Amino acid sequence: YNGIPILAPDAVFTSIPEFSDSAYIILALTKEKSGVIARLNSEGFTEGKNFIQRTDLCPVSPSIEISGVCNLRCLACPRSDTIHPFENGGFMSLSDYEKTVRKLLNEIPMLHVINLFIWSDPLLHPNLPEIIKMNADLGLGSFLSTNLNLQTEKLEKIIQANPPFMKVTCSGFGKKNYEFNQAGARWDVFYKNMHELSRLIKKYRAGTAVEVFFLITKENITEYKDVVKLSQDLGFRITAGLSMIFPKYAMDFLENIPLHSGAQKAKALMHRELEEMLAAAKTEHEKPCPSRIGFPNINWDLSVLVCCNFNQERLARNFFDVSINDIIKLKDNSPLCQKCISYSLHRYANVQSNIGYVKRLLEKTGLPSYI
């Protein structure tokens with residue numbers, strides 16, 4: 001990747017004498033770490049001496065909502081809420097972004113990646129290429145997540161800036177399911193931009209890794225195979241996860257608060273029933289909240305959110321007025337956090353908790369599972 005060799009495990013272990021005094025940093029998801037660690041231990045490596053985990057160096061990857069607007073109103077998202085509308089705003093200025101990132105670098109040792117989104121699409125930001133380049137100059141990777149429903153011309157400058165990672169969300173193959181689940185999106189625009197994205201990466205020899213994330217519903221499961229083929233033909237990774245209503249609405253459900261129409265439709269489409277997911281979350285109640293990894297969550301207007309899963313509550317009005325340590329203390333004492341944990345909702349939206357269900361589901365239907 002970008003001139004750096006990546007070795008398979010067997011190739012590394014055959015060179016143990018050469019690397020015997022090196023530290024091995026594990027870049028792996030939580031669910032996969034146990035197998036990697038077991039292999040290292042079986043080869044005579046000791047954690048803390050011969051290898052360490054990435055999270056030991058930097059336990060967080062901050063999220064900055066550079067774009068305060070979104071062009072879609074997806075069913076499961078609070079932005080589609082007509083009862084309690086999600087406020088739309090502007091874009092974080094380049095000067096505020098630079099000050100924000102420099103403050104993060106001063107307060108978080110070994111910081112290496114910034115998520116440039118929380119609720120909205122960062123590709124809408126008019127200065128995204130400059131932000132990506134600024135991050136690279138500061139030694140930071142830029143993590144993008146997009147619905148890819150934008151003017152094709154914007155993609156070229158973004159890819160020229162060479163972002164290291166881009167996640168593209170997809171909830172169907174074809175107009176019917178895709179446009180229903182991601183209200184406001186157009187399938188023809190998405191399909192065209194998928195091909196254009198692949199073309200531009202090849203044209204500029206960009207190191208951008210693209211992951212297509214397919215959101216499974218009751219209605220679109222048979223279309224997954226078509227998205228797999230499209231992604232593979234274009235040179236993109238493909239993963240799958242469960243479409244679900246956000247924790248805010250799961251909390252409303254538990255408290256017998258009526259769901260707005262979009263959330264009701266999204267709940268009806270959930271392949272794994274909401275009640276089953278809530279019950280599964282309770283069995284993991286004692287496990288930590290994975291949302292703490294993507295912390296702090298800084299809004300486009302510099303306010304600090306309690307959590308990426310709840311759009312209303314704020315910990316601070318201005319990120320520049322509080323330290324990271326103070327933000328952590330405020331979060332630990334947040335009534336919303338405590339309430340969320342009391343319902344075990346901190347485990348409800350955890351992708352890792354649902355991997356087993358998704359794998360079994362796809363294997364049962366004869367579809368490939370790239371998780």
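I take contact to mean heavy atoms within 4.5 Å. Helices (H or I, at least four residues) and strands (E, at least two) are DSSP runs, numbered from the N terminus. This is a predicted model, in which local features need pLDDT of at least 70, side-chain atom pairs count only at pLDDT 80 or more, and totals for chains, interfaces and linings use all residues. Residues are numbered from 1 along each chain as its sequence is written, and side-chain values use heavy atoms, with hydrogens and water left out.

**Entry 1: helix α6**

I started with what α6 packs against. Its buried residues (buried is under 20% relative accessible area, exposed over 50%, partly exposed in between, with a 1.4 Å probe and protein chains only) pack against α5 (94-107), β4 (113-115), β5 and α7. I list these buried residues of α6 as Leu128, Pro129, Ile131, Ile132, Met134 and Asn135. Asp137 also lies in α6. I looked up its accessibility: at 71%, Asp137 counts as exposed. I then took a distance from Asp137 to Tyr204, 67 residues apart along the chain, and found their C-alpha atoms separated by 19 Å. Just after α6, Gly139 has a positive phi of about 80°.

**Entry 2: helix α7**

Next I went to α7 (residues 152-160), whose buried residues are Thr152, Leu155, Ile158 and Ile159. Seen down the helix axis, these fall within an arc of 100°, so they line one face of α7. The arc is that of the directions from the helix axis to the C-beta atoms. On the other side of α7, I found Glu153 and Lys157 exposed. I checked what covers the buried residues, and the cover includes α6 (128-137), β5 (141-146), β6 (165-170) and α9. Just after α7, Asn162 takes a positive phi of about 60°.

**Entry 3: the cores**

Which residues have the most contacts inside the largest nonpolar core? I found Tyr97, Leu197 and Tyr348, in a core of 92 residues. A nonpolar core here is a set of buried Ala, Val, Leu, Ile, Met, Phe, Trp, Tyr and Cys residues joined through side-chain atoms within 4.5 Å. Helix α9 (residues 187-203) gives the most to this core, with six residues. A second, separate core has seven residues, among them Val12, Ile37, Phe45 and Phe51.

Not counting residues up to four places away in sequence, Leu197 touches Leu148, Leu155, Ile159, Met166, Val168, Val210 and Phe236.

Tyr97 is buried, with a relative accessible area of 0%. Leaving out residues up to four places away in sequence, Tyr97 touches Ile64, Ile66, Met92, Ile114, Leu116, Ile131, Met134 and Asn135. I took one distance: Tyr97 and Ile66 are 31 residues apart in sequence and 7.7 Å apart in space, C-alpha to C-alpha.

**Entry 4: positive phi in loops**

I looked at Arg205, in the loop between α9 and β7 (209-216). Phi of Arg205 is near 50°, a positive value in a residue other than glycine. Is Arg205 buried or exposed? At 77% relative accessibility, Arg205 counts as exposed.

I then turned to Leu302, in the loop between β9 (297-298) and β10 (304-307). Phi of Leu302 is near 80°, again positive in a residue other than glycine. Leu302 is buried, with a relative accessible area of 8%.

**Entry 5: the second largest pocket**

How much space lies in the second largest pocket? I noted about 280 Å³. On a 1 Å grid over the protein atoms alone, a pocket is an open set of points where a 1.4 Å probe fits, with protein on both sides within 12 Å along at least five of seven lines; lining residues have an atom within 4 Å of a point. Grid points are joined across faces, edges and corners, and a volume is the space filled by probe spheres set on the points.

I found 16 residues in the lining, of which Met251, Phe310, Gln312, Glu313 and Leu336 lie nearest the centre of the pocket. The elements that give two or more residues to this lining are α11 (247-254), β11 (310-316) and α15 (335-342). β11 gives the most, with six residues.

I also checked Pro335, which lies in helix α15. Pro335 is exposed, with a relative accessible area of 64%. Pro335 and Ile159 are 176 residues apart in sequence and 41 Å apart in space, C-alpha to C-alpha.
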